[in-house]
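Thank you all for coming; I would like to walk you through one model this morning, going from its domains to a few individual side chains. Please have the viewer open while I talk.

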Amino acid sequence: MLTIRENDFHRIDLNLLTVLLVLEREGSVSRAAEKLHLGQPAVSNALARLRVMFSDPLFVRTSRGMEPTPRAEALIAELGPLMAQMQNVLFQPASFTPSEATHVFRLGMSDWVERSIMPALYARLTLTAPGVTLQVTASDPFRDVELVASGEIDLAISVGDNTPATLRREKIVSHNFCTLWHPEQLSLSAPLTLEAYVAHDHLLVSYRGSTWSAIDDELAALGKARSIRYVTPHFSSLPPLLVRAPAIATVPAGLADEWITYYGLRCSPVPVATPEIALSLLWHKRCDNDMPLSWLREELRSVMTERN
């Protein structure tokens, strides 16, 4: 952390330093006044204040114009680069070049979101931004807000809807649910009937260990109930379980294609109404204009909409 002595700056007007540099460059009070868009008396007054500040004449009149004293030359040698750097920081537009970037982005998401989105994003960035590093933290709808608000992550890919005033949420895509099983374990046909759906054991993903979800509310309204025999916070554990057990699982439909291809599962629409899975980007409002993070959000928007 930088430490400055604030009291040292109380007697300094940084505009005077600009006058010092322009006077040295122009060698004339009148020409300096013209360049600074000031009257000549104002520049003369600024020079008088500089002389008091540094206890030195700073410039003396000669036949060649205003010549800097050794003290002025030493000040200009030190202050010139600092003022140029300050000018760049304050007035040059921020820039971000993905191909040259070495940023580290900290992202939060659940395992199914990571599996669904990150392979495509990572493959894309290895080509367009090979120096960028992605650090993924396991999160869920109950932790996204806390992690972003505390600064532990830069961005969450979130399925929650809680958005405090300090954060910004942008819905990108929506997913539906689907139901999966392995044909060697259960001889079922798609689309599943409601009777077939409740007749078999279920595997459930719950981030808080609950054995009840919105689907169970819908079933209860129809006078039905399902038997949940396995609860886990990890979607990635479900396919191996389905391969070896006569059970079904209801999951975001974005997972179905890969699970069908690699695990030989079968898929059906859910035979009851299910809530929408709204997938959003969640970030802190203080980062609205952060160019690296703005670039990454655009990359994520593109990947997420392409996959939807």
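Predicted model: local features only at pLDDT ≥ 70, side-chain atom pairs only at ≥ 80, totals over all residues.

Let me start with Asp201, which is partly exposed at a relative accessible area of 27%, where buried means under 20% relative accessible area, exposed means over 50%, and partly exposed is in between, computed with a 1.4 Å probe on protein chains only. Residues are numbered from 1 along each chain as its sequence is written, and side-chain values use heavy atoms, with hydrogens and water left out.

Asp201 is the partner of Arg229 in a salt bridge, with the closest N and O atoms 3.3 Å apart; by salt bridge I mean a side-chain nitrogen of Lys or Arg within 4 Å of a carboxyl oxygen of Asp or Glu. This pair links distant parts of the chain, since Arg229 sits in strand β9 (residues 227-232) and Asp201 in strand β8 (residues 201-205), 28 residues apart. Helices (H or I, at least four residues) and strands (E, at least two) are DSSP runs, numbered from the N terminus. Arg229, for its part, counts as exposed, with 58% relative accessibility.

How many salt bridges does a search of the whole structure find? The search finds 14, and I will pick out a few of them. Arg49 and Asp13 meet through their side chains at 3.9 Å, N to O. Another salt bridge joins the side chains of Asp154 and Arg106 at 2.8 Å, N to O; here Asp154 is in the loop between α6 (144-149) and β5 (155-158), Arg106 is in strand β3 (residues 104-109), and the two are 48 residues apart. Arg106 counts as partly exposed, at 28% relative accessibility.

Now to the overall layout. The protein is divided into domain 1 (10-88), domain 2 (101-175 + 278-307) and domain 3 (177-275), with bounds that come from an automatic or database domain assignment. The centres of domain 2 and domain 3, taken over C-alpha atoms, are separated by 27 Å, and their contact takes 10 residues from domain 2 and 12 residues from domain 3, contact meaning heavy atoms within 4.5 Å. Between them these two domains bury about 1100 Å², 54% of it on carbon and sulfur atoms; buried area is the accessible area (1.4 Å probe) that two parts lose on being put together, summed over both. Of the area that domain 2 buries against domain 3, Asp111, Trp112 and Arg115 supply 56%, more than any other three residues.

Across that interface the rule finds two salt bridges. Helix α5 (residues 111-128) gives the largest share of the side of domain 2 that touches domain 3, namely four residues. I would also ask you to look at Arg208 and Asp140, whose side chains meet in a salt bridge of 3.6 Å, N to O.

According to the UniProt record, an unreviewed entry, the annotation "domain: HTH lysR-type" covers residues 12-69; UniProt positions are given in the numbering used here, feature names are shortened, and annotations may be inferred rather than shown by experiment. That span is 62% helix and 14% strand, and its end C-alpha atoms lie 20 Å apart.

As for Gln40, its C-alpha lies 6.5 Å from that of Val29, although the two are 11 residues apart in sequence.
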